[in-house]
Amino acid sequence: MTGIPVSNVRTFALLGHSGSGKTTLTDAIAFKLGLNDRLGSVANGSSISDTNDEEKSRKISIFANSFMGTYKAGDTDYRLAFIDTPGAPDFYGAVRGAIRASDAIVIAVDAASGIEAGTIRAWHACKAYGVNSVAFVITGLDKENTNFLTTVAAIREHFGTGCCPLTVPAADGVANILDMGEVPAELEESYTALAESAAESSEELMNKYFEEGTLAADEIRGGLRDAVASGSTHPIYVVKALQGDGVDAFLSSVCRLFPAPGTRKFADKDGNEVKADAAAPFVAQVWRTAIDTFVGQLSYIRVLSGTITPGMALQNNTTGSKEVASSLLQVFGRKQVPVENAGPGEIVAIPKFKDVHTGDTLCAVGTATVMPDIDYPQPVMWMSVHAKTQVDEDKLGTAMKRLADSDPTLHFIKDEETKEIVMKGLGDVHIDVAVALMKLQSNVNVELTVPKVAYRETVTGRGEGHYKHKKQTGGHGQYGEVYLRIMPKAEGEEGFVDSTVGGSIPGNFMPAVQKGVNEGLSKGAIAGYPVQNVKVEVYDGSFHPVDSSEVAFKIAASRAFREAMSQAKPSLLEPIMTVKVTIPDSYMGAVTGDLNHRRGRVLGMEMQDELQTVTAEVPMAELFQYPAQLRSMTGGRGSFEMELTRYDVVPGNLAQKIAAARQDELKMEDE
Ligand SMILES: Nc1nc2c(ncn2[C@@H]2O[C@H](COP(=O)(O)OP(=O)(O)OP(=O)(O)O)[C@@H](O)[C@H]2O)c(=O)[nH]1
Ligand SMILES: [Mg+2]
């Protein structure tokens with residue numbers, strides 16, 4: 001038992017651009033909280049947070065790792081739960097989970113790089129997903145050519161004058177501006193901003209502020225808590241994590257100013273508030289699922305209400321399964337620290353549930369609460385996955401399931417048209433890491449290829465087809481004759497129309513005729529791709545009272561279809577994606593030029609917070625390598641999303657090439 005009341009729990013996540021120093025700060029905090037007996041380092045692979053082999057070799061975070069510890073601020077013990085998230089857009093799914101689990105967000109800004117695409121994305125995510133309490137931490141101030149006030153100005157310029165420095169560089173490290181006594185001239189404006197924010201929290205303070213023109217540090221502190229809770233003030237901190245400077249000042253302020261559980265309102269699917277009451281029935285949401293080499297599946301929960309203890313019986317209100325919390329753990333790499341209980345705001349990992357997934361709601365038996373799903377970004381990159389050997393093939397299913405269970409942004413889909421297994425993710429790094437994790441977690445080796453495009457065929461004109469299938473030499477003969485025409489299908493029209501009159505094709509053979517047509521539709525006329533958006537009208541034919549059969553009519557229909565297709569100006573269709581590319585303004589020329597190069601059509605541009613969003617329609621075939629190319633074009637400052645919009649005609653010369661390649665492929669399949 002920690003014995004720490006819910007009002008003294010602080011739960012926050014670190015967000016920011018990749019490389020902005022989140023993990024380095026995490027190591028400094030973890031060391032301060034005594035979670036580690038030495039200061040971990042990203043650079044030398046000893047970080048308490050980046051412990052996966054892939055994280056260590058790439059020197060980036062991939063997972064959202066959570067930590068809990070106790071910190072004394074003044075005479076009071078506080079329970080801190082915090083999450084280090086990855087900054088790379090490829091692992092943005094982890095960030096969404098972490099936001100759901102947190103009451104406050106701290107955005108890291110590297111003084112050497114300033115405000116980056118990842119900083120802005122983090123800020124918008126807080127707004128979009130209901131976190132009011134957002135603070136900033138300036139890192140990297142020990143680097144050359146950096147300046148504290150310049151970075152503060154950049155933050156205020158982007159995110160408003162509610163962003164005010166609270167801890168600042170001082171002669172002997174870092175100091176809290178409210179403890180400085182004499183505030184240096186260059187920080188006076190910041191101090192005034194803090195005083196004004198604090199004054200707005202109560203009438204009493206407001207009156208005093210008007211009368212005296214300023215407030216004392218303690219009065220400001222009192223008012224700031226409300227201002228941080230409501231999001232009218234965003235504290236800016238300075239931490240020199242590598243030197244250990246400013247960590248205490250940061251943590252003390254987090255304890256004093258950040259909101260306690262219950263301040264950020266969590267409501268269930270029906271809109272009922274789930275109160276942060278340690279004595280209420282237990283409710284928690286799974287915000288992350290991890291695969292651990294030793295214990296298997298680990299479900300990370302954020303407790304919303306009530307208190308959980310090891311051995312407790314639970315129900316999963318999302319899947320309906322009955323579960324038991326075998327143990328409560330904190331996991332840092334290979335180290336597992338048992339936790340005795342967890343109450344509102346706390347984060348623990350629970351191993352070996354039967355049927356629990358990310359986003360599920362776990363409750364005390366008899367409690368019906370279901371939390372809203374966590375919203376994840378849609379995939380923007382896909383590759384086909386092929387097992388290297390039969391041994392790999394046999395284990396591929398398990399490997400894919402493990403990965404998909406632990407990463408809601410990674411999808412495996414069997415494409416029925418191309419017969420390939422397609423892995424969809426948020427970018428090339430995401431896909432590369434997934435391949436590495438398959439090897440690491442399941443010892444499965446796979447190769448990737450650019451996916452086959454699911455082309456379609458259609459017609460742009462009308463065509464007539466006729467075939468008489470007649471074999472009447474000796475014995476039981478075969479006879480069926482079909483006349484049909486084919487044309488583009490208008491919206492709402494039937495695809496197959498029987499307009500025969502006078503029983504030229506008897507009704508009982510019409511299903512066989514339709515089968516023959518369907519066979520033709522599934523194979524196409526140009527390159528063997530399925531045909532869509534055509535109308536087939538069967539208008540005449542003939543039959544023989546003895547020799548006609550279903551088979552004969554099916555053959556006749558399929559041959560007539562082929563003839564009609566070839567006359568009806570068939571064309572190849574390809575999937576067209578609508579893409580939204582978000583980039584700093586300076587990359588506009590390069591990015592739109594490149595989109596044109598990809599046969600894209602720019603539909604519009606929109607500017608927000610110095611970022612341009614270009615909307616364009618681009619053929620899917622041109623986008624498979626786009627995430628990596630966009631990154632190299634924009635130095636990692638671009639991001640994009642896309643979705644399938646429609647199918648459109650492939651230009652003639654390209655269509656010929658595709659058809660030729662497809663014919664070769666079909667020949668190979670036949671051999
Ligand atoms: N000089 C200096 N280097 C820093 C500081 N903070 C981080 N670094 C270095 O910058 C690199 C990236 O730091 P990380 O802490 O891994 O950054 P991150 O934000 O966790 O990055 P992602 O996990 O990729 O999003 C590492 O080599 C750190 O040692 C700092 O305050 N000063
Ligand atoms: Mg990191």
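A residue is called buried when its relative accessible area is under 20%, exposed when over 50%, and partly exposed in between, using a 1.4 Å probe and protein chains only. By this rule Tyr-626 is buried, because its relative accessible area is 0%. Phe-640 is buried as well, with a relative accessible area of 13%.

The model is predicted: local features need pLDDT of at least 70, side-chain atom pairs count only at pLDDT 80 or more, and totals for chains, interfaces and linings use all residues. Side-chain values use heavy atoms, without hydrogens or water, and residues are numbered from 1 along each chain as its sequence is written.

The structure holds 14 aromatic pairs. Rings of Phe, Tyr and Trp (its six-membered ring) pair if their centres lie within 6.5 Å; planes under 30 degrees apart are stacked, over 60 edge-to-face, and the rest tilted. The Tyr-237 and Phe-250 rings have centres 5.1 Å apart and planes at 80°, so this pair is edge-to-face. It links distant parts of the chain, 13 residues apart: Tyr-237 is in strand β9 (residues 234-238) and Phe-250 in helix α9 (residues 247-257). Helices (H or I, at least four residues) and strands (E, at least two) are DSSP runs, numbered from the N terminus. Both Tyr-237 and Phe-250 are buried.

The rings of Tyr-626 and Phe-640 are also edge-to-face, because their centres are 4.9 Å apart and their planes at 85°.

Ring pairs also build a cluster from Phe-12, Phe-67, Phe-82, Tyr-237, Phe-250, Phe-258 and Phe-332.

Key. Chains are lettered from A and ligands numbered from 1 in the order in which they are written.
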